[in-house]
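This report goes through helix packing, salt bridges and a few single residues in turn. Please keep the sequence and the model open beside the text while reading.

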Amino acid sequence: MKRDWPVDCLTVSAAEEQRWNEQQLSTLVTQPITRFWRYTEPALVLGCGQRASLAQLPDSPIPALVRHAGGGAVLTGPWMLSLSVMLPPDHPAVSSGILSSYRWLGESLATALQSSWGVPAQALAKHAPKPPHWACFAGLSPWEVVADGRKLVGLAQVRRSTGVLLTAGVLVSPPDWALLCQAMGKPLTDAMHLECATTSISAHGGHAVTAHDVFPALALAVQEALHSFLPQETL
């Protein structure tokens with residue numbers, strides 16, 4: 001019999017999402033837990049390597065915080081559906097290495113975007129990354145999801161002795177890249193670069209969609225992918 005793990009889509013602030021992630025990793029993770037997040041207000045979320053930049057930011061028009069995962073700055077808001085997947089430290093989905101742990105997640109999200117929304121999405125093969133950038137969505141890392149060569153889903157992870165956290169940010173509609181640059185004190189030319197480097201589900205569907213619309217298909221895809229790692233006799 002298949003096991004059903006908790007899957008919810010909660011409307012939260014970026015700070016509440018990060019607190020939940022940290023709370024789960026504070027004790028031993030014994031089974032997969034999946035949470036999707038949507039936001040009503042924008043926030044600036046810096047990668048852990050950008051912690052020193054927090055004190056140097058200009059007077060930000062939006063809340064700013066630092067996450068425990070690495071990578072560049074992320075602008076959360078109504079345009080994004082985010083995902084946290086908590087896994088035991090020895091779970092087969094993450095036991096084969098840091099980069100390979102992203103593959104199943106990127107591929108399952110890409111497949112769901114193709115079949116449910118007609119987006120020409122594909123998980124980026126690990127041989128074609130872009131160099132790092134101050135903004136998460138300006139760069140490309142192995143197994144992140146692109147459509148027509150433009151970034152659609154960003155991935156990150158945190159590894160502790162208590163468990164592994166995989167995170168994803170899905171662009172449901174075009175973000176306010178100018179707001180991100182303002183919050184970071186970056187030139188508006190960077191916003192133009194981000195607009196050219198990224199795409200969204202709405203851009204490919206021909207009509208506006210919301211995080212609430214997208215959640216069910218992606219949740220099912222992630223659940224099915226996690227079920228595939230179960231020993232055959234437990235299914």
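Helix α3 passes helix α4 in a right-handed crossing, where a crossing is called right-handed if the near helix is turned clockwise from the far one by less than a right angle, and left-handed if anticlockwise. The model is a predicted one, in which local features need pLDDT of at least 70 and side-chain atom pairs count only at pLDDT 80 or more, while totals for chains, interfaces and linings use all residues. Residues are numbered from 1 along each chain as its sequence is written, and side-chain values use heavy atoms, with hydrogens and water left out.

**Helices α3 and α4**

Helices here are DSSP runs of H or I with at least four residues, strands are runs of E with at least two, and both are numbered from the N terminus. Helix α3 covers residues 177-184, and it packs with α4 at an angle of about 140°, the axes being 8 Å apart. Axes are lines fitted to C-alpha atoms, for helices over the stretch in contact, and the angles between N-to-C directions run from 0 to 180 degrees. The two helices are therefore oblique to each other; angles under 35 degrees count as roughly parallel, over 145 as roughly antiparallel, 65 to 115 as roughly perpendicular, and the rest as oblique.

On the α3 side the contact is made by Trp177, Ala178, Leu180 and Cys181, which meet Leu188, Asp190, Ala191, Leu194 and Glu195 in α4, contact meaning heavy atoms within 4.5 Å. By class, this contact has seven nonpolar, no polar and two charged residues. In this scheme Ala, Val, Leu, Ile, Met, Phe, Trp, Tyr, Cys and Pro count as nonpolar, Asp, Glu, Lys and Arg as charged, and the others, Gly among them, as polar.

How is α3 placed relative to the rest of the structure? Six of its eight residues are buried, so α3 is largely enclosed by the rest of the structure. Buried means under 20% relative accessible area, exposed means over 50%, and partly exposed lies in between, using a 1.4 Å probe and protein chains only. The buried residues of α3 are Trp177, Leu179, Leu180, Cys181, Ala183 and Met184, and they pack against β3 (43-46), β5 (74-76), β10 (163-171) and α4. Just after α3, Gly185 takes a positive phi of about 70°.

**Helices α2 and α6**

In α2, Trp104, Leu105, Ser108, Leu109, Ala112, Leu113, Ser116 and Trp117 meet Asp213, Val214, Ala217, Leu218, Ala221, Val222, Ala225 and Leu226 in α6. The residues of this contact divide into 13 nonpolar, two polar and one charged.

**Salt bridges**

A search of the whole structure finds three salt bridges, each being a side-chain nitrogen of Lys or Arg within 4 Å of a carboxyl oxygen of Asp or Glu.

| Pair | N to O distance |
|---|---|
| Glu22 and Arg160 | 3.1 Å |
| Arg103 and Glu107 | 3.0 Å |
| Lys151 and Glu144 | 2.9 Å |

Glu22 is partly exposed at 27% relative accessibility, and Arg160 is partly exposed with a relative accessible area of 30%. Arg103 and Glu107, by contrast, both lie in helix α2, four residues apart, which is about one turn of the helix. Arg103 is partly exposed at 42%, as is Glu107 at 33%. In the remaining pair, Lys151 and Glu144 are both buried.

**Two buried residues**

Ala197 is found in helix α4 (residues 188-197) and, at 9% relative accessibility, counts as buried. Not counting residues up to four places away in sequence, Ala197 touches Phe137, Arg150 and Lys151. The C-alpha atoms of Ala197 and Arg150 are separated by 5.2 Å, although these residues are 47 apart along the chain.

Gln50 is found in the loop between β3 and β4 (64-66), and is buried with a relative accessible area of 13%. Leaving aside neighbours within four places in sequence, Gln50 is in contact with Gly71, Gly72, Ala73 and Trp134. The C-alpha atoms of Gln50 and Trp20, 30 residues apart along the chain, are separated by 21 Å.
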